[in-house]
Amino acid sequence: MDEQLSDAELDELVAQATVDAYDDEEQLMGLYTMLAEHLAVPFKTVVLGIEVTVKEVDLLPGSQIVAVCTRGRHQQSIGILDLPIPDPAPQGAEWIEAYRHWGP
């Protein structure tokens, strides 16, 4: 991302995502919903030296938000917090940082 968000700005994003959540699972669902709605996909990034296309985000059983990456006919899910963010970052990438700040 071009500019780092402050802790207060990240706290505000987390608060927006988790306003009606009662436990960690509901907070995770709120953050996933914001990522799914606001992260502009598809976008390209480089994983282990190979360009991939991030097609969507998904919520896996066991409470992990992943980026669904494709290259040709191949598809792989990568933990969204492990995904290298391209420069410039896609619109909505601040929600990835909010998820990281929330700290599952």
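The legends below describe close-up views of a predicted model.

**View 1. Strands S1 and S2 form a hairpin.**
Strand S1 covers residues 43-47, and strand S2 covers residues 50-60. The two strands pair in the antiparallel sense over five bridges. Lys44 stands opposite Thr53 in S2. Two residues lie between S1 and S2, and in this turn Leu48 has a positive phi of about 50°. S1 has two faces: Phe43, Thr45 and Val47 make up the covered one, while Lys44 and Val46 make up the uncovered one. Lys44, the residue opposite Thr53, thus belongs to the uncovered face of S1.

**View 2. Strands S2 and S3 pair in the antiparallel sense.**
Strand S3 runs over residues 64-71. Seven bridges link S3 with S2. In this pairing, Val54 stands opposite Cys69 in S3. The hairpin of S2 and S3 has three residues between the strands, and Gly62 there takes a positive phi near 95°. S3 is mostly covered, with six of its eight residues buried.

**View 3. Strands S3 and S4 form a hairpin.**
Strand S4 is made of residues 74-79. The pairing of S3 and S4 is antiparallel and has six bridges. There are two residues between these strands, and Gly72 in the hairpin takes a positive phi near 60°.

**View 4. Ser77 is found in strand S4.**
The bridge partner of Ser77 is Val68. Ser77 has a relative accessible area of 34%, so the residue counts as partly exposed. Along the chain, Ser77 and Val57 are 20 residues apart, and their C-alpha atoms are separated by 8.7 Å.

**View 5. The largest pocket has a volume of about 210 Å³.**
Strands S2, S3 and S4 each supply at least two residues of the lining. S4 gives the most, with four residues. The lining residues are Val47, Leu48, Ile50, Val52, Cys69, Thr70, Arg71, His74, Gln75, Gln76 and Ile78. By class, six of them are nonpolar, four are polar and one is charged.

**View 6. Glu97 lies in helix H3.**
Helix H3 spans residues 94-102. The side chains of Glu97 and Arg100 are joined by a polar contact of 3.3 Å. Glu97 is partly exposed because its relative accessibility is 22%, and the buried class takes in residues under 20%. Glu97 and Ile80 are 17 residues apart in sequence, and the distance between them is 9.8 Å, C-alpha to C-alpha.

**View 7. Tyr99 and Trp102 form an aromatic pair.**
The count of aromatic pairs comes to one. The rings of Tyr99 and Trp102 are stacked, at 6.1 Å centre to centre and with 20° between the planes. Both residues lie in helix H3, three residues apart, which is about one turn of the helix.

How values were computed:
Residues numbered from 1 in each chain as written. Predicted model: local features only at pLDDT ≥ 70, side-chain atom pairs only at ≥ 80, totals over all residues. Heavy atoms only, no water. 1 Å grid on protein atoms, 1.4 Å probe; cavity = no way out; pocket = protein on both sides within 12 Å on 5 of 7 lines; lining within 4 Å. Points joined across faces, edges and corners; volume = space filled by probe spheres on them. Nonpolar A, V, L, I, M, F, W, Y, C, P; charged D, E, K, R; others polar. Buried < 20%, exposed > 50% of the residue type's maximum accessible area, 1.4 Å probe, protein only. Pairing = 2+ DSSP bridges. Polar contact = N/O pair within 3.5 Å; in protein donor to acceptor, adjacent residues only side chain to side chain. Phe/Tyr/Trp six-rings, centres within 6.5 Å; stacked < 30°, edge-to-face > 60°.
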